[in-house]
Amino acid sequence: MSKQIAYVRTEMLPQQAPPSTSVGAIGWMRANLFSGWLNTAITLVSLLVILTIAVEILPWVLSPTWGGTSLNECRELLAAADHGSGACWGVIRERWIQLLFGFYPPELYWRPILAFVLLALALAPILFADKVPAKLLVFSAAYPFIFPWLLWGGMIWGPLAAAAGFVLGAIAYRVVSGAFSSLLGVIAGVVVALLWWLLLSGFITGLLDSILPIGLEPVESRKFGGFMLSITIGVVAIACSLPLGIVLALGRQSDLMIVKYLCVGFIEFIRGVPLITLLFVASTLLNIFMPPGTNFDIILRVLIMVTLFASAYMAEVIRGGLAALPKGQYEGADSLGLNYWQAQRLIIMPQALKISIPGIVSTFIGVFKDTTLVSIIGLLDPLGLSNAIRADANWNGIVWELYGFIALIFFFFCFGMSRYSMYLERKLQTGHR
């Protein structure tokens, strides 16, 4: 009987693990760092440069001076440890609370801490809508009135009266828009809210303050400082500049000539003026246009100017997103019978904002870093406090330690915003890669 030879395999081979050189850390390095002779040479040179820098910097960073109480004592500690040159970290140990809170009363530190903890809670349903209960949006809507009350203190009736203006405006909008048109509803809502704030809220809050004085100890704006001040200005400017930028971007594309040229004039003027000029206007010139005896809070003036500055840049970023949409999206909205505001809310603006995410977050990061400019007009942000700390005889000559600590905190916030931007882009990615 002849032997049969099969040329087609009749059973499957068992699965085998991939080569160890193509997976894991080794596979990643071969693919990204040593994929060719040029890439290998660049990697080796880069590693040599990084190692050289690390050898010089790490001993300076790891200096045993955390317990120093002055620059001279830090030098003595370095000499006793035979450490050579090194950073004087005693200034951070002694002044880190001041860098965080400025001159805010120490017994009231719980208020800004609580305000920023609640800020994270209020942002959670906005930033992570699919992972957080939607019921928290009620707290997110109430937080803008809780935040200033916690920081500045005063009677609770002031924030409640401010919130009541928005409630009355919303009621007027629903009533008038249901009976007439949405444009008349918007006008009615704005008029009702302004009448309440300008004519009635002051009398009502004064009456309630005299009957039932419930509030927190007031804190002057001049006591605000450090990262608390920077975060406050940054958060308010970021939160207010996005909706204002959307309105300006839509106004710039409006067919109404007056609306269009007002928006164009505002955007071009603000973008053509340095922020520091606007801050000087807020600090010195704005009171000239106010009625005599008007006490216009300095931080409020800065918040207004920084918000207007950021909104002009935000408007151009969003206009770029609107311009990137194909014309078919607008035609599709018209074919569905949607009016202008329905089309913008349901079709146009969601896509434009998704396209504009990198530019929006870049503007947010720039606004947050620009809060350091307020030190020029006398507000003690972290950079302003660093100058005040270095004026102390004990820390005269300290530079890199303070600036390095400030840079690290700013990097933490800015890096977090950039990572969230990438997360949001991946989450909203609907096209093919």
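**Helix α4.** I looked up the buried residues of helix α4 (residues 90–101) and found G90, V91, I92, R95, Q98, L99 and F101. I took buried as under 20% relative accessible area, exposed as over 50%, and partly exposed as in between, with a 1.4 Å probe and protein chains only. Helices are DSSP runs of H or I with at least four residues, numbered from the N terminus. This is a predicted model, where local features need pLDDT of at least 70 and side-chain atom pairs count only at pLDDT 80 or more, while totals for chains, interfaces and linings use all residues. Residues are numbered from 1 along each chain as its sequence is written, and side-chain values use heavy atoms, with hydrogens and water left out.

I then checked what α4 packs against: its buried residues meet α3 (71–80), α5, α9, α16 and α17 (400–427). Just after α4, I noted a positive phi of about 65 degrees at G102.

**S386.** I placed S386 in helix α16 (residues 382–390). S386 is buried, because its relative accessible area is 0%. Leaving aside neighbours within four places in sequence, I listed L402, Y403 and I406 as its contacts; contact means heavy atoms within 4.5 Å.

**Nonpolar cores.** For a core I took a set of buried Ala, Val, Leu, Ile, Met, Phe, Trp, Tyr and Cys residues joined through side-chain atoms within 4.5 Å. The largest has 39 residues, and Y104, F224, I299, V302, V306 and L379 touch the most other members. I recorded α5 (110–127), α6 (137–152), α9 (226–252), α11 (275–285) and α12 (298–324) as the elements that give two or more residues to this core. The most comes from α12, with nine residues.

**Second largest pocket.** A pocket here is an open set of points on a 1 Å grid over the protein atoms alone, where a 1.4 Å probe fits, with protein on both sides within 12 Å along at least five of seven lines; lining residues have an atom within 4 Å of a point. I read off about 990 Å³ of space for the second largest pocket, the volume being the space filled by probe spheres set on the points, which are joined across faces, edges and corners. Its lining has 28 residues, with L183, L250, Y340, W341 and Q344 nearest the centre. At least two lining residues each come from α8 (182–211), α9, α10 (257–271), α13 (327–335) and α14 (340–355). Of these, α14 gives the most, with seven residues.

**Helix α14.** I found A343, Q344, I347, I348, M349 and A352 buried in α14. Their cover includes α9, α12 and α13. I marked a kink of about 50 degrees at I348, shortly before the proline P350; the bend at a residue is the angle between axes fitted to the seven residues ending there and the seven starting there.

**R252.** I located R252 in helix α9. R252 counts as buried because its relative accessible area is 16%. Beyond neighbours within four places in sequence, I listed K260, C263, V264, I267, E268, E316 and R319 as contacts of R252.

**Helix α2.** I noted a kink of about 30 degrees at V55 in α2, shortly before the proline P59.
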